[in-house]
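Here is a short note on the model, point by point. Please read it with the structure open.

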Amino acid sequence: MKPKTLGILFGLLSIITVAGVAPAFGQIDSSGNIVNANMEYTAKASDSTTVVITTTAFTSGQPLVLGIEFNDSNGNFVKHQNYAITIIQDNDTILSNQHAHTHTGMDIQVTQNLLSTDQINIQMTLLGVGLPTTDPSTWTGVKGEVLSFSQVALTNTTIPEFGPVASIILAIAVLSVVVFAAKTRVIPRF
């Protein structure tokens with residue numbers, strides 16, 4: 001195999017393998033969803049509003065990113081949901097937002113750096129549905145209900161997380177097989 005062809009082949013293999021690398025924990029895609037989520041918590045209000053909270057991995061010394069969704073009984077997003085949220089870990093408050101609002105039914109909250117990899121306690125109070133610039137007495141929906149969350153599932157735990165080094169090793173391995181086959185003529189040419 002000519003050196004120029006070998007270089008092109010190596011370049012193509014490198015691009016393909018690096019492009020296929022899974023993103024790291026804690027990243028958010030363009031739709032606002034957490035990529036490779038670690039934990040999922042859910043709670044249901046008395047009016048059937050379902051709140052789903054998805055978190056990134058629990059890493060001591062790093063903040064926790066929470067993706068929050070509010071859905072009605074038909075599975076549609078509850079727009080303009082107002083809520084208060086507090087996150088406690090190891091008896092310390094790592095997030096307290098008493099005036100949170102989502103325009104779309106999806107929201108993101110970020111905690112202070114975690115103190116450990118221990119589980120968290122989520123406390124959320126639904127404050128009503130309405131624009132935050134309007135009088136809270138005009139808001140509709142559940143008001144003042146405190147939700148109790150339960151951990152539903154570990155998500156994406158079956159997908160191994162390989163970094164760029166694994167992709168480079170794969171590219172070198174494939175290239176080595178191609179070079180070996182070309183030099184020893186193990187693969188017949190047609």
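1. Helices (H or I, at least four residues) and strands (E, at least two) are taken as DSSP runs, numbered from the N terminus. On that basis the protein chain has 2 helices and 9 strands. Their order from the N terminus is α-β-β-β-β-β-β-β-β-β-α.

2. A word on the basis. This is a predicted model, where local features need pLDDT of at least 70, side-chain atom pairs count only at pLDDT 80 or more, and totals for chains, interfaces and linings use all residues. Residues are numbered from 1 along each chain as its sequence is written, and side-chain values use heavy atoms, with hydrogens and water left out.

3. The structure contains 1 aromatic pair. The partners are Phe70 and Tyr83, in a tilted arrangement, 5.0 Å centre to centre with 50 degrees between the planes. Phe70 belongs to strand β3 (residues 63-71) and Tyr83 to strand β4 (residues 81-89), so the pair ties together parts 13 residues apart in sequence. For reference, rings of Phe, Tyr and Trp (its six-membered ring) pair if their centres lie within 6.5 Å; planes under 30 degrees apart are stacked, over 60 edge-to-face, the rest tilted.

4. Are the two partners buried or exposed? Phe70 is buried, at 0% relative accessibility. Tyr83 is buried too, with a relative accessible area of 0%. Buried means under 20% relative accessible area, exposed over 50%, partly exposed in between (1.4 Å probe, protein chains only). Of the 190 residues in the protein chain, 34% are buried.

5. Now the contacts (heavy atoms within 4.5 Å). Among those between residues at least 6 apart in sequence, 58% join residues at least 24 apart.
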